[in-house]
Amino acid sequence: TDEDLGPLPGSTVTVDLGAPVEVTAAGTSTVDLGTRPDGANAVNVSVMCLTPGRIRFPDGGSLVCDDPPTAGELADPRSGAHLRVDLAQGWTTLTFTARPEVGWKVVATYVRATTSEWGVNAKGETYGVQRSGRTPDLVAVLTTDGTRGYAYASELDGPVPTSPADALAQQEAQSGRSRSVPVYESDGESVIGEFLVGGSPAG
């Protein structure tokens with residue numbers, strides 16, 4: 001179907017608006033992004049540790065490395081941590097925080113980021129991916145055989161517990177097990193497969 005092509009409703013698409021800026025530094029340092037192009041409202045950033053340690057990002061996230069990168073990782077920017085930082089009016093710098101002995105490399109590119117609206121089906125239900133911390137009625141998932149479709153958020157969450165005891169009972173009943181949720185076309189009616197929720201506890 002056409003829905004298998006292109007970005008999902010509610011997703012953010014970025015367009016590069018300039019050449020990447022590459023900076024290698026140690027400790028806390030501010031990266032000068034250069035002249036901000038018209039229309040730039042965010043920066044795509046790749047961060048890589050050059051030594052063991054923690055690097056804190058401008059958005060509050062961080063990257064912790066136990067070992068220095070291999071030569072192959074150093075040559076491939078995709079091996080770093082990736083983030084998109086939204087830029088306030090006038091921002092042309094990003095500050096990264098680390099201990100003085102921690103070395104790092106940043107590749108940053110000005111972009112124009114555009115977040116699309118959710119789709120709405122004939123029943124008035126929204127479908128797409130989470131955006132701005134909100135969830136549509138039908139959430140984009142992949143079926144067990146890898147087909148793109150949508151599952152009802154209410155079914156992904158499972159039944160709402162009626163009490164703390166009920167919540168514990170549900171948790172114990174589901175522990176280590178997965179449950180199947182139907183996956184639909186965006187119409188919320190045509191079943192195209194299933195999505196498995198839960199399973200063995202991680203780690």
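Visitor: What makes β5 and β6 a hairpin, and which residue in the turn has a positive phi?

Guide: This is a predicted model, in which local features need pLDDT of at least 70 and side-chain atom pairs count only at pLDDT 80 or more, while totals for chains, interfaces and linings use all residues. Residues are numbered from 1 along each chain as its sequence is written, and side-chain values use heavy atoms, with hydrogens and water left out. Strands β5 and β6 form a hairpin with five residues between them, and G60 in the turn has a positive phi of about 100°.

Visitor: How do you know that β5 and β6 pair?

Guide: Two strands pair if DSSP finds at least two bridges between them, a strand being a DSSP run of E of at least two residues. Four bridges join β5 (residues 53-56) to β6 (residues 62-65), so the antiparallel strands count as paired. Within this pairing, G53 stands opposite C65 in β6.

Visitor: Why is S11 called buried?

Guide: Buried means under 20% relative accessible area (1.4 Å probe, protein chains only), and S11, at 17%, therefore counts as buried. S11 lies in the segment before β1 (12-16) and touches T114, T115, S116 and V129, not counting residues up to four places away in sequence; contact here means heavy atoms within 4.5 Å.

Conventions
Buried < 20%, exposed > 50% of the residue type's maximum accessible area, 1.4 Å probe, protein only.
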